[in-house]
Amino acid sequence: MMDGKALKNACVAWIRDWFAPFGPTSTAVLGMSGGKDSTVAAALCAEALGPERVIGVAMPADGQSLNEADEICKFLGIRYYCLPIGKIEAAADELGAIISPEGFSVQTVQNIPPRIRMMMLYAVAQSNNGFVANTCNLSEDYIGYATLFGDAAGSFSPLGKLVVREVLAIGHELGLPSKWVDKTPDDGLPHSCPDEAKFGFTYATLDRYIREGICEDAEIKAKIDRMHSRNLFKTEILHIPSFEPEL
């Protein structure tokens, strides 16, 4: 049985130890999407360092809501910036015409916003004696559900070795409202659908396969294995210091 309290305490201690060499004025900088991962990661950093040393940054695209990111930062008592990226996106889209008359591919256009956001996070961090938190979890990384040099980047990773069920356990242990911890995850793109509908399997199925090596559906197992092998290059390129839980 997973001990959420022990897991949370160990991660908090790891964050404190990781930041110790950088002094008491160093800060943690996080992109706040309003989803469970950025919320839990921000809460962990706030407990580890104190809320005054944590900065949450919302970076909505044109027409995109904050998804309660501002409310989450207020609840945690951390510093909050809202930096809309619409104008930067538009400038990047214009450059696509240089590549071809059709512009950038659909997947390229989808990956530009996460990479812009990571650029902005590093700008905020560098101006605030800060370090950017990678807020991806192991379940998503395992199947490549992250943008290389976008949300997959960062200076340290509190959740990178934790599957979704462990992230949820930590979130509840931190006393975060269920409406944020248990929010149905999606990619936040226009016309998006829940992650699990996109995958064709649940996070519970994926978590069990990662942690226990068990998947009773041979077709789903093959799909997970295929996604994992095709996306290994992402995690092999980015070796981010990560909290390693003792499970």
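1. The second largest pocket is lined by 20 residues, and those nearest its centre are Asp141, Gly160, Lys161, Thr235 and Leu238. A pocket here is an open set of points on a 1 Å grid over the protein atoms alone, where a 1.4 Å probe fits, with protein on both sides within 12 Å along at least five of seven lines, and lining residues have an atom within 4 Å of a point. Helix H6 (138–142) and helix H11 (218–237) are the elements that give two or more residues to this lining, and H11 supplies the largest share, five residues.

2. The model is a predicted one, in which local features need pLDDT of at least 70 and side-chain atom pairs count only at pLDDT 80 or more, whereas totals for chains, interfaces and linings use all residues. Residues are numbered from 1 along each chain as its sequence is written, and side-chain values use heavy atoms, with hydrogens and water left out.

3. The space in the second largest pocket is about 390 Å³, a volume being the space filled by probe spheres set on the grid points. Its lining has eight nonpolar, nine polar and three charged residues by class, where Ala, Val, Leu, Ile, Met, Phe, Trp, Tyr, Cys and Pro count as nonpolar, Asp, Glu, Lys and Arg as charged, and the others, Gly among them, as polar.

4. Thr205, Leu206 and Tyr209 of H10 make the contact with Ile220, Lys221, Ile224 and Asp225 of H11, contact meaning heavy atoms within 4.5 Å.

5. For helix H4 (residues 86–99) and helix H5 (residues 106–126), the axes come within 10 Å and cross at roughly 130°, so that H4 is oblique to H5. Ile88, Glu89, Ala92 and Asp93 of H4 contact Val109, Ile112, Pro113, Ile116, Met119 and Met120 of H5, and these residues divide into eight nonpolar, no polar and two charged.

6. The axes of helix H2 (residues 36–49) and helix H7 (residues 164–173) come within 10 Å and cross at roughly 50°, and the two are therefore oblique to each other. From H2, Lys36, Asp37, Val40 and Leu44 meet Val164, Val167, Leu168, Ile170 and Gly171 in H7, a contact with six nonpolar, one polar and two charged residues.

Conventions:
Axes are lines fitted to C-alpha atoms, for helices over the stretch in contact, and angles run from 0 to 180 degrees between N-to-C directions. Helices (H or I, at least four residues) and strands (E, at least two) are DSSP runs, numbered from the N terminus. Angles under 35 degrees count as roughly parallel, over 145 as roughly antiparallel, 65 to 115 as roughly perpendicular and the rest as oblique.
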